Amino acid sequence: MSTPLAQLTDVSVIINGIDILKDINLTIQPGEQWAVVGKSGSGKTTLAHALTGKVFHSGTVAFHLPNHLHANRLLLIEQQHHFKNRSNTSDFYYQQRYNSADAEDTITVQEALQPLIDKSPASTWIEQLHLTHVLDEPLIQLSNGENKRLQLAKALFLDPAVLIMDNPFTGLDVEGRQTLHRIIDTIVASGISIILITPPQELPACITHVAVLENGRLVKAGKKEEAQLFASVLNPALPAETIKKLKAAGDNNHFTAAVKMVNVCIKYGEKTILHNINWEVKKGECWSVSGPNGAGKSTLLSLVTADNPQAYANELYLFDQRRGSGESIWDIKRRIGFVSPELHLYFDRGTSCFDVIASGLFDTIGLFRIISTEQQEQVQAWIQLLQLENVQRRPLFQLSLGQQRMVLLARALVKNPPLLILDEPCQGLDDEQISYFKTLINQLCETFNTTLLYVSHYSKDLPACITKAAYLENGKMIIK
């Protein structure tokens, strides 16, 4: 019998007294390419960290890799990118990517890759990963998809024997996901072994075996064609009376149009991000906003959330009032609930989930004041609605990405704002959570006449209440 590529024996992980992984036993043979699937919070990312020694575990993890084949034996690409500024710190603020002067405090893609390029002749990865056109861009201004491809390029330049990828498809548009499928197949063909953490809907052709985690236990492991991956999805009936009780105290949100843009243009240097955008979002309308990675969606939303200083140089109206006519950023933010793919990165690592949700009452990144009894009840109601009772006192960063996403959704919803801006809200959620969340959004928009801007690369993630669509490509908007 051949020597296994990897052998996991009774691997368990306990964090702060909570069992995250329990007695994982798994054998990976040479030539096998594995995917790890499971619901949000089932322990998938913790398993990746255990494989690479990033988290303390009991039991044994043994890789048997010939030293001469690759420069590095084992590499993990995290699902969330991390980088530092030119002062070698990670002290960023949320609006920094939209502020051209401050954005230059981060190195460019070329500078990030150059030390690796100098050591490796495999520069074709830059072209294969479609990074050539962003080589001069600051890291902080990359789209989510561009950052994914950059992290993959950095790992490939290091020539790993085994590459573990944690949810690499998250945040990619349709073309980006198709491209990454082909790239992963190419990586495997080059002799690199793959362990992929991914939803069951995103299994590249090269994957041969699947492991299914459930509540920290390995419940299934075997050949891909034998795995039963698609369980039935619940479509819960939400407590309508509870939702009605959460109606915002200030029912005086009188406006005709939540957003109105007239010939809006956004440039950074010579690069045009948005070109002559004319768009009106009337009260109670529910819009999808779509387009390929790098099309300008995040920049468009940053104008609405008052995070982009170039709003003052354009004709932009929010809640019927032109930007720059005396309103403060906080006057705008108090009427908006917002979720973005990277918002959780700006919270202090020790912030509890309860405090993250409560911070949505004040539009701050963290809770810096004592909240009233009424506000506590308001927070608890949303914790109950989003099924977060068991994690509310835990630090946000101890949760899985899907659980973090549900906490941030609760933060966006807690004050029942007249305008909801949800940028890839279903990233990291399992099918059951997505179904539940879509039902909740439908009921909120119907009950409170909430205005909705919803960004997603997956049409299946769109709630039924959406009736209008804006498509961005190359900085231009097409109304569908």
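User: In this predicted model, which residue forms a salt bridge with Glu137, and how far apart are the closest N and O atoms?

Analyst: The general idea is that side chains of opposite charge can pair when their charged atoms come close. Here the partner of Glu137 is Lys271, and the closest N and O atoms of this salt bridge are 3.3 Å apart. The pair links distant parts of the chain, for Lys271 is in strand E11 while Glu137 is in the loop between helix H4 and helix H5, 134 residues apart.

User: Is Lys271 buried or exposed, or something in between, and what about Glu137?

Analyst: Lys271 counts as partly exposed because its relative accessibility is 37%, a value that lies between the cut-offs of 20% and 50%. Glu137 has a relative accessible area of 16% and is therefore buried, since buried means under 20%.

User: How many salt bridges does a search of the whole structure find?

Analyst: The search finds seven. One of them joins the side chains of Arg177 and Glu202, at 3.1 Å from N to O. This pair also links distant parts of the chain, with Arg177 in helix H6 and Glu202 in the loop between strands E7 and E8, 25 residues apart. Arg177 and Glu202 are both buried.

Another salt bridge is formed by the side chains of Asp307 and Lys333, with 2.9 Å from N to O. Asp307 is in the loop between helix H8 and strand E13, whereas Lys333 is in helix H9, 26 residues away, and both residues are buried.

User: What span does helix H11 reach from its first C-alpha to its last, and which of its residues are buried?

Analyst: Helix H11, at residues 373-385, has 13 residues and reaches 19 Å, close to the 18 Å expected at 1.5 Å a residue. Within H11, Val379, Ala381, Trp382, Ile383 and Leu385 are buried. Just after H11, Gln387 takes a positive phi of about 60 degrees.

Methods
Residues are numbered from 1 along each chain as its sequence is written. This is a predicted model: local features need pLDDT of at least 70, side-chain atom pairs count only at pLDDT 80 or more; totals for chains, interfaces and linings use all residues. Side-chain values use heavy atoms; hydrogens and water are left out. Helices (H or I, at least four residues) and strands (E, at least two) are DSSP runs, numbered from the N terminus. The expected span of a helix is 1.5 Å times one less than its number of residues. Buried means under 20% relative accessible area, exposed over 50%, partly exposed in between (1.4 Å probe, protein chains only). A salt bridge is a side-chain nitrogen of Lys or Arg within 4 Å of a carboxyl oxygen of Asp or Glu.
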